[in-house]
Amino acid sequence: MQVSVIKTTEPKNISIPAAMAIGGAAGLGLRYAIPVYKPEMDYFVFNKSDVMKEDNVNAVKRNVIEKAQVLLKKDKENEVLKLFIRKAKAETAQQLKTVETAINKAPQEIRAGVKAMVEDLAAQMKASENITIANIKNAAKQARPYSHFILPGAALGALVGYAYNVVGTISED
């Protein structure tokens with residue numbers, strides 16, 4: 001039987017707990033880095049993500065129309081506001097076609113004003129949709145359990161640390 005002398009420079013297997021800590025931290029980081037997909041969002045908000053998004057977009061549209069109506073009450077002769085409100089409130093294709101015809105027959109500055117207001121409304125509605133989706137995704141990430149990310153990360157770190165120790169011991173022989 002062979003006897004080996006213990007050297008004072010031999011590693012004390014500190015790498016396994018350190019690797020576990022690093023793996024757990026990486027797992028915690030992945031909790032926030034992994035993207036949220038529609039099924040997870042729907043699970044988190046009880047299949048209401050589309051309804052919430054649509055409600056917020058419609059609220060923005062109503063708010064813009066109400067502001068335009070208040071401005072129209074102050075300036076009753078403003079053709080841009082009249083045509084914009086008619087276009088925004090059009091419910092059927094026939095009503096929309098009638099409003100579009102009236103806009104096309106209007107002078108250039110009125111058409112440009114209506115176009116600018118419609119583009120502003122579309123930008124506000126898109127921003128509302130994006131903000132709603134981002135809020136739902138962030139809330140879903142916050143609802144993810146810590147243990148589902150930290151424990152596998154720590155276990156993988158321990159496995160890597162153990163493998164490093166074994167490979168390091170083998171390479172010394």
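Is phenylalanine 46 buried or exposed? In this predicted model, phenylalanine 46 is exposed, its relative accessible area being 69%, and since exposure is assigned over 50%, the residue falls in that class because its value of 69% lies beyond the cut-off. Phenylalanine 46 is placed in the loop that runs between helix H2 (38-44) and helix H3 (49-74), where its phi is near 55 degrees, a positive value in a residue other than glycine. Asparagine 47 is likewise found in the loop between H2 and H3, and its phi, near 60 degrees, is again positive in a residue other than glycine. With a relative accessibility of 61%, asparagine 47 also counts as exposed.

Helix packing was examined for helix H4 (residues 79-89) and helix H6 (residues 108-143), whose axes lie 9 Å apart and which pack at an angle of about 45 degrees. This angle makes H4 oblique to H6, and the crossing in which H4 passes H6 is right-handed. On the H4 side, the residues that meet H6 are Glu79, Val80, Leu81, Leu83, Phe84 and Lys87, while Ile110, Gly113, Val114, Met117, Val118 and Leu121 are their counterparts in H6.

As regards aromatic rings, the count of aromatic pairs comes to 0 under the rule applied, in which ring centres must lie within 6.5 Å.

How values were computed
Residues are numbered from 1 along each chain as its sequence is written. This is a predicted model: local features need pLDDT of at least 70, side-chain atom pairs count only at pLDDT 80 or more; totals for chains, interfaces and linings use all residues. Side-chain values use heavy atoms; hydrogens and water are left out. Rings of Phe, Tyr and Trp (its six-membered ring) pair if their centres lie within 6.5 Å; planes under 30 degrees apart count as stacked, over 60 as edge-to-face and the rest as tilted. Helices (H or I, at least four residues) and strands (E, at least two) are DSSP runs, numbered from the N terminus. Buried means under 20% relative accessible area, exposed over 50%, partly exposed in between (1.4 Å probe, protein chains only). Axes are lines fitted to C-alpha atoms, for helices over the stretch in contact, and angles run from 0 to 180 degrees between N-to-C directions. Angles under 35 degrees count as roughly parallel, over 145 as roughly antiparallel, 65 to 115 as roughly perpendicular and the rest as oblique. A crossing is left-handed if the near helix is turned anticlockwise from the far one by less than a right angle, and right-handed if clockwise. Contact means heavy atoms within 4.5 Å.
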